[in-house]
Amino acid sequence: MKILGISGSPKAGGNNDTLIREVLKIADQRGFETDTVFISSSGIAPCTACGVCASENRCPIDDDMQPVYGKLAEADAIVVSSPVYFGTMTAQLKALCDRSVLHRRQGFRLSNKIGAAMAVGGSRNGGQEKTIQSIHEWMHIHGMIVVGDGGHFGGILRKPAAEDEEGMKTAVDTINKVCDVLEMMSK
């Protein structure tokens, strides 16, 4: 089974890129295949609501979203992390979420995939839960099965994330919950 990790940060090598790499190492160790999308190395334009994807199986915007469509469809689980920008996910991640409407309009292709979210804020209560809620809303609209860290919403970290022991525990618990649910579903 495959887990796709998406870092929604426009900053290469930052907290969210590092976080996605770290949690996917755990999934790799548990025997899952993994793949990534790093917004920091992608150019994904916003959706223009042109409607083409409602009648055709394509988005007419030719950019870095094109390979992401395949990665989303092939994944059994999707783990998304975003920094907190003014209380929610980054605009770059929101563009990816909006453009994924193609999968919804073409038969709910993300339905029943496992989804989990993580967020990194500037302080312990820096808007992470609202950011995670926004990511969860995207997942729910696609009909995904949303999981948290076993007791809360998902990975809630403050920067620098690598030094946040309490936050890293929520991220580790979240990826382990994703793996646990995938294992249960495969039985």
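Contact, as the word is used here, means heavy atoms within 4.5 Å. The model is predicted, so that local features need pLDDT of at least 70 and side-chain atom pairs count only at pLDDT 80 or more, while totals for chains, interfaces and linings use all residues. Residues are numbered from 1 along each chain as its sequence is written, and side-chain values use heavy atoms, with hydrogens and water left out.

Along the sequence the chain runs β-α-β-α-α-β-α-α-β-α-β-β-α, which gives 7 helices and 6 strands; helices (H or I, at least four residues) and strands (E, at least two) are DSSP runs, numbered from the N terminus. Of the contacts in the chain with a separation of 6 or more, 76% are made by residues 24 or more positions apart.

Buried residues, meaning those under 20% relative accessible area with a 1.4 Å probe and protein chains only, make up 48% of the 187 residues. In soluble globular proteins, nonpolar side chains tend to be buried together.

A nonpolar core is a set of buried Ala, Val, Leu, Ile, Met, Phe, Trp, Tyr and Cys residues joined through side-chain atoms within 4.5 Å. The largest one has 32 residues, and those with the most contacts inside it are Ile 6, Leu 72, Ile 78, Val 80, Leu 96 and Trp 138. Among the elements that give two or more residues to this core are strand S1 (2-7), strand S3 (77-83) and helix H6 (128-141). A second, separate core of 24 residues includes Ile 3, Phe 32, Met 118 and Val 181.

Leaving aside neighbours within four places in sequence, Trp 138 touches Leu 72, Val 80, Leu 96, Cys 97, Ser 100 and Leu 110.

Terms used:
Buried < 20%, exposed > 50% of the residue type's maximum accessible area, 1.4 Å probe, protein only.
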